[in-house]
Amino acid sequence: MKITIFGTGYVGLVTGACFAEAGNDVLCVDIDEDRIAQLNDGDVPIYEPGLEDMLACNMDEGRLRFTTDAAEGVAHGQFQFIAVGTPPDEDGSADLQHVLAVARTIGEHMDDYRVVVNKSTVPVGTADRVHAAVLEALEAQGLDVDFDVVSNPEFLKEGDAIDDFMKPDRIIVGAERPGAVELMRDLYAPFNRNHERLIFMDVRSAELTKYASNAMLATKISFMNELSNLAERLGADIEEVRRGMGSDPRIGYHFIYPGCGYGGSCFPKDVQALARTAREAHYEPELLDAVEAVNHRQKRHLVRRIRHHFDDNLEGLTFALWGLAFKPNTDDMREAPSRVIMEALWDAGARVQAYDPEAQDEAARLYPDESALELCGSPYDALEGADALIICTEWQVFRSPDFERVQRLLREPLIFDGRNLYDPEKMLAAGFVYYGIGRGE
Ligand code: UGA
C-alpha cells in the first residue's frame, strides 16, 4: 500500500519505518529541509533502539523515502498520516496549527480519494476541524473530491516504540464510514496477528481514548506517589505495599512504581490538555488537577529531603546525579524530574556532576551556560568528591554498581534514590545513609 506520513518527529519516523517494514511503500514529508537532508543521509535525529537499522534497511530496499515536497506526498499515498507535533500552548491546550496546516496542504493537492489519518495526539473534535480544513482547501479550488478523516492515536512508549508498533496491544481506529474502516483494517492486517487487536469506534471516542489512557496511567503513578509520601510518615515501605497491591489482577503490577514524578512529552502535556478540554466542556476535572499537582510536588520531593538532610544549607556542596533522561532507554529530557532537581540545587548554590548513558548531549544543549553542571564520562566519574549521590532514572547500569567503589569515591556514603533501586537494609549494612521514596523518613 502507498502511505504518506507528514511529520518526521518521533511518531512519524517510527510509524513510517514500521509500515515500510511491513512491506508498504512509504513517503515521509517534512517542511524542515535540514531534517530531511539528514534523514536522506541516513542520520537519525532521535535515539530509539532499533529505529536507525529499520530506517536504513527500508531505505535500501526502496520502501521508504523522505521529501520536503508536500505535493508529491499528497500524490503518493492513499493514506495520508498526520504525525506532526502538538506542543502545549501557554494555557496547556494542544497547539493545532501544524495539524491544520497539513490538513490544508492535503486539500490543496488532492485530486483523488484519500484517507486522512490523524496520529498526532489531538483534543476531541480535532478530526472535525481537519475535515473542515481539507474541505475548505478543496472548495477554494472548486474541487469536489471524496475523502475520510480517521483518528488513529498512537500508543508508543519511548524506548519500546518499535515493539509497541510491530506488536501492539491494541490499534484504536475512529472512523465513521464503512469504506474507511475496511481500508484501515487492510492497512493494519500485518500487525493484527494472533488475536483481534483492532478496535473500531467513532472518531471522538478514539480521540478521547488516547487522552484517557495516558491520564489513567498518570493517575496510577500519582496515586502511588501520594501513597509513598504517606508510607514515609507511617513507617511503612511503599515497595511492600506495591507488591501487595499489584498482586490483585484488578490493580496489576504495571505502572504502580513510585518515584520522583513522571516526565516526558506525553503524560504532563496530556493530563493538562485533558483538564483544559474538560473546562472548555464546563466540567471541573478535580481528579486530573490532583494528578498534576501531586506530580508537580513529587518532582520536588527529593529536593526537600536533601535540604532537610543538610539543614537547609546546600551552598558549596557537590551532588553526583545519575540519570538525566525522564526514563531509561531514551535521550529525552522533556519534563524530566532531573531538571527540577538540578535547577533547585543550582539555585541553592550547589554543583552537579551528572552522568546519563544517552542524554548528556541533550543536557549540554539545554544548559549550555550552566557552570554548575559537569557532565561526566562514567557513573563513577560523577561520584568523585561529591557530597551525595542522587538517582533520577532507573537505567540498567545503575542497578548494581560496585558499592565499595561508590563509597570510596563519595565524600559521604549518602544516597538519595528517586527510583528505589536498592534494598534499604543492605544499604544500611554496607554503611550508607540511604533515602528512597516511601520507605521510611
Ligand atoms: C507514554 C505512554 O506509556 C504510552 O502508552 C503513550 O503512547 C505515550 O506516553 C504517548 O502518549 O506518546 P512515554 O511517555 O514514552 O509513554 O513513557 P512511559 O514509559 O509511559 O513513562 C512516563 C513517565 O512515567 C516516566 O517519567 C516514568 O519514569 C514514569 N513512571 C512510569 C513512573 O514514575 N512509575 C511507573 O510505574 C511507570
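This is a predicted model: local features need pLDDT of at least 70, side-chain atom pairs count only at pLDDT 80 or more; totals for chains, interfaces and linings use all residues.

Biologist: Let me try that. Is Val84 buried or exposed?

Modeller: Val84 has 24 other C-beta atoms within 10 Å, so Val84 is buried. You'll find Val84 in the loop between strand S4 (79-82) and helix H5 (97-109).

Biologist: Which residues does Val84 touch, if we skip its neighbours within four places in sequence?

Modeller: With those left aside, Val84 is in contact with Phe6, Gly7, His98, Val99, Val102 and Ser120. Distances across the chain can be checked too: Val84 and Ala325 are 241 residues apart along the chain, and their C-alpha atoms are separated by 23 Å.

Biologist: Can we do another loop residue? Where is Val122, for example?

Modeller: Val122 sits in the loop between strand S5 (114-118) and helix H6 (126-140). Use the count again: Val122 has 23 other C-beta atoms within 10 Å, so Val122 is buried. Its contacts, again leaving out neighbours within four places in sequence, are Thr86, Ala94, Leu96, Val99 and Glu207. Val99 is also on the contact list of Val84. As for distance, Val122 and Ile390 are 268 residues apart in sequence and 36 Å apart in space, C-alpha to C-alpha.

Biologist: Now one in a helix, please. Is Ala75 buried or partly exposed?

Modeller: Ala75 belongs to helix H4 (residues 70-76). The count for Ala75 is 15 other C-beta atoms within 10 Å, so Ala75 is partly exposed.

Biologist: What about the phi of Asn420?

Modeller: Asn420 also has a positive value, near 50°, and is a residue other than glycine. Asn420 lies in the loop between strand S13 (414-417) and helix H18 (424-429). Asn420 has 22 C-beta neighbours inside 10 Å, so Asn420 counts as buried.

Biologist: Let's zoom out. How many helices and strands does the chain have?

Modeller: There are 18 helices and 14 strands. Of the 441 residues of the chain, 44% count as buried. The C-alpha trace spans about 75 × 45 × 45 Å along its principal axes. For overall shape, you can compare the radius of gyration with a rule: a compact globule of 441 residues would have one near 22 Å, and the chain has 24 Å, which agrees.

Biologist: Which domains is the chain divided into?

Modeller: Domain 1 (2-201), domain 2 (211-297) and domain 3 (300-435). The C-alpha centres of domain 2 and domain 3 lie 24 Å apart. Ten residues from domain 2 and 14 residues from domain 3 take part in their contact. On the domain 2 side, three of those residues are nonpolar, five are polar and two are charged.

Biologist: Where does the ligand lie?

Modeller: Domain 1 and domain 2 both give residues to the shell around the ligand, so the ligand lies between them. The ligand is surrounded by 20 residues, of which Glu158, Tyr257, Tyr262, Gly264 and Cys266 are the closest. By class, the shell has eleven nonpolar, five polar and four charged residues. Helix H9 (residues 203-234) gives the most to the shell, with three residues.

Biologist: Last one: what confidence values does the predictor give the complex?

Modeller: An ipTM of 0.97 and a pTM of 0.93. For the chain, the mean pLDDT is 96, and 100% of its residues reach 70 or more.

Technical notes
Residues are numbered from 1 along each chain as its sequence is written. A residue is near a molecule or strand if its C-beta atom, placed from the backbone, lies within 6 Å of it. Helices (H or I, at least four residues) and strands (E, at least two) are DSSP runs, numbered from the N terminus. Ala, Val, Leu, Ile, Met, Phe, Trp, Tyr, Cys and Pro count as nonpolar, Asp, Glu, Lys and Arg as charged, and the others, Gly among them, as polar. Domain bounds come from an automatic or database domain assignment. pLDDT is the predictor's confidence in each residue, from 0 to 100. The radius of gyration is taken over C-alpha atoms; the globule rule is 2.2 Å times the number of residues to the power 0.38. A residue is buried if 20 or more other C-beta atoms lie within 10 Å of its own, exposed if 12 or fewer, and partly exposed in between; C-beta atoms are placed from the backbone. Two residues are in contact if their C-beta atoms, placed from the backbone, lie within 7 Å.
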